[in-house]
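Dear colleague,

Please find the structure below. My notes follow it.

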Amino acid sequence: MAEKFRNYGGQYWLVAIVVGVVLPWLLKLMSVSRFHQIVWLLFIIDFIVAAIIGWLIRRSGHTGWFVWLMPAFCFVGLYLFFPTYVYYLALVDLGLSYLAYGLTTPRVA
């Protein structure tokens, strides 16, 4: 089971769902102010995790399509829990993931 989880990029799916959807939901549930939600979740946590995910995808040799996971789930989280003016941040997540993916050399086996 763990081997299938790794082969199908389960760790990327899990991180994308947790950071993209579950974390915004928890912040809304805890009544954290909108300012702190946007600054800490979107600008700090989201962007750092997006860059790390892109780097890890390239280093592990997985297909580049996994780069789309984090921004897609972040967009779902933004759509469900944030106002419309922050939707564009999912594109920034995509850009950071792709930039980290493109600037990393693949692991030589």
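Is Ser31 buried or exposed? Ser31 counts as exposed, because its relative accessibility is 63%, and the cut-off for exposed is over 50%. Please keep in mind that this is a predicted model.

Ser31 has another feature. Its phi is positive, near 60°, and Ser31 is not a glycine. The residue sits in the loop between α2 and α3.

**Helix α2**

This helix covers residues 10-29. Its length checks out: 20 residues at 1.5 Å a residue should span 28 Å, and the end C-alpha atoms of α2 are 26 Å apart, which agrees. The helix is kinked, though. A kink of about 35° lies at Val22, shortly before the proline Pro24.

The buried residues of α2 are Gly10, Tyr12, Ala16, Val19, Gly20, Val21, Pro24 and Leu27. Their cover includes α1 (2-7), α3 (34-60) and α4 (69-81).

Now the surface. A nonpolar patch is formed there by Phe5, Trp13, Leu14, Ile17, Val18, Val22, Trp25, Leu26, Leu29 and Met30. Together they have about 930 Å² of accessible area. Which helix gives the most to this patch? Helix α2 does, with eight residues.

**Helix α4**

What about the length of α4? Its 13 residues should span 18 Å at 1.5 Å a residue; the end C-alpha atoms are 18 Å apart, so the two agree. Buried in α4 are Leu69, Met70, Pro71, Cys74, Gly77, Leu78 and Phe81. These buried residues pack against α2, α3 and α5.

**Asp46**

Asp46 lies in helix α3. Buried or exposed? Asp46 is buried, because its relative accessible area is 3% and the cut-off for buried is under 20%. Beyond its neighbours within four places in sequence, Asp46 is in contact with Val19, Leu41, Met70, Cys74 and Asp93. Among these, Val19 is one of the buried residues of α2. Met70 and Cys74 are buried residues of α4. Ser60 is 14 residues from Asp46 in sequence, and their C-alpha atoms are 21 Å apart.

**Phe82**

Phe82 is in the loop between α4 and α5 (89-103). It counts as buried because its relative accessibility is 7%. Which residues does Phe82 touch, not counting those up to four places away in sequence? They are Pro24, Arg34, Gln37, Ile38, Leu41, Leu42, Gly77 and Tyr87. Phe82 and Arg34 are 48 residues apart in sequence, and 8.5 Å separates their C-alpha atoms.

**After α5**

Pro106 is found in the segment after α5. It is partly exposed, because its relative accessible area is 44%. Pro106 and Arg59 are 47 residues apart along the chain. Their C-alpha atoms are separated by 4.9 Å.

Best regards

Notes:
Residues are numbered from 1 along each chain as its sequence is written. This is a predicted model: local features need pLDDT of at least 70, side-chain atom pairs count only at pLDDT 80 or more; totals for chains, interfaces and linings use all residues. Side-chain values use heavy atoms; hydrogens and water are left out. Patches are made of residues with over 30% relative accessible area and no salt bridge: like charges are joined within 9 Å, nonpolar side chains (Val, Leu, Ile, Met, Phe, Trp, Tyr) within 5 Å. Accessible areas come from the Shrake-Rupley method with a 1.4 Å probe; for residues, only the protein chains shown count as cover. A salt bridge is a side-chain nitrogen of Lys or Arg within 4 Å of a carboxyl oxygen of Asp or Glu. Helices (H or I, at least four residues) and strands (E, at least two) are DSSP runs, numbered from the N terminus. The expected span of a helix is 1.5 Å times one less than its number of residues. The bend at a residue is the angle between axes fitted to the seven residues ending there and the seven starting there. Buried means under 20% relative accessible area, exposed over 50%, partly exposed in between (1.4 Å probe, protein chains only). Contact means heavy atoms within 4.5 Å.
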